[in-house]
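Trainee: I am new to this structure and would like a close look at one part of it. Please take the aromatic rings and the core around them.

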Amino acid sequence: MRFRLTLIFVALFTINNKMSFAQDNPGAVIFHIQSSHTAFPDTGRAKGHVYGKVLYTEAEHYHDSTVLIIAPRNLDARKTVDLIFWFHGWRNNVDSTASYYQLTRQFIASRQNAVLILAETARNAPDSYGGKLENQGMFKTLVGDVLNALKTKRLISKNCQSGHILLGGHSGAYRVMARIIQNGQMPIDEAMLFDSLYGETDKFMAWIKADTAHRFIHLYTDHGGTADESHSMVKLLEQEHIAYAETEERDLTTAQQVKEDRILFIHSMHEHNDIICNPDNFRLFLENNPFLKKMK
């Protein structure tokens, strides 16, 4: 499986240093925690991973348990707090992803009363494996770690529990998202895939059929490698007599379709690495999400 990456993109995302300076936003509280309930370290990559005859070592690529948490400064969370988990694709890390795709800016600009979380997976490596997050109940424990961190920062009340949980991801994130939906032991309300449907379609289908409230959005391109799988999933939906909608990105002149269609496939003429923030599609999806609430 190959993911389209320009030379500039590869150079940018193989930087190992934290890029917290690029995360600065006056409307956000941004911090990192370490959690033993993220993807790595994990026995599945104890000896590293070979791709394209290159060894990506455990020490450099599969030992980071960082979780990046981004909350609005005026977050109002007493009984419950809605959580948006974002998972990056190949050759990325949580900080470079939030910076390059402008996730922090888009999230704060959407004015949602929720928290954005980026949990590290394979750091700066061409690998979709989700490590421990593929295991039964591991995601549930990670959610607990995030809630405890927010309580420690006094951003949510001490009795606050998780509310709606949304998953978002780009490119190789499809696998960990599907495994969390299947094994995470937490109710997932929505999956937002950005050129990321390379497989695991059976898991997404089972989740869609399990509850008519579950929402699925896939924004895909011609050259990102996901068009065929998107078309295959559409056929499966038709066979199951499950309603869905298809549209061109350029035809999203109104956000109403994003809000109303439970299962939505959006074809984009943009490149694989442009569809998140050029234009601001992550913000568009958040602003028109029926589960999230606007800041007061």
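Mentor: What follows covers the nonpolar cores and then the ring pairs. This is a predicted model, in which local features need pLDDT of at least 70 and side-chain atom pairs count only at pLDDT 80 or more, while totals for chains, interfaces and linings use all residues. Residues are numbered from 1 along each chain as its sequence is written, and side-chain values use heavy atoms, with hydrogens and water left out.

A nonpolar core is a set of buried Ala, Val, Leu, Ile, Met, Phe, Trp, Tyr and Cys residues joined through side-chain atoms within 4.5 Å. Buried means under 20% relative accessible area, exposed over 50%, and partly exposed in between (1.4 Å probe, protein chains only). The largest core has 60 residues, and Phe 85, Phe 87 and Leu 167 are among those with the most contacts inside it. Both Phe 85 and Phe 87 have a relative accessible area of 0%.

Rings of Phe, Tyr and Trp (its six-membered ring) pair if their centres lie within 6.5 Å; planes under 30 degrees apart count as stacked, over 60 as edge-to-face and the rest as tilted. That rule gives 13 aromatic pairs. In one of them, Tyr 51 and Trp 90 have ring centres 5.1 Å apart and planes at 80 degrees, so they are edge-to-face. Tyr 51 is partly exposed at 25%, whereas Trp 90 is buried at 7%. Phe 85 and Phe 87 are stacked, because their planes are at 15 degrees, with centres 6.5 Å apart. Ring pairs also link Trp 86, Phe 194, Phe 282 and Phe 285 into a cluster.
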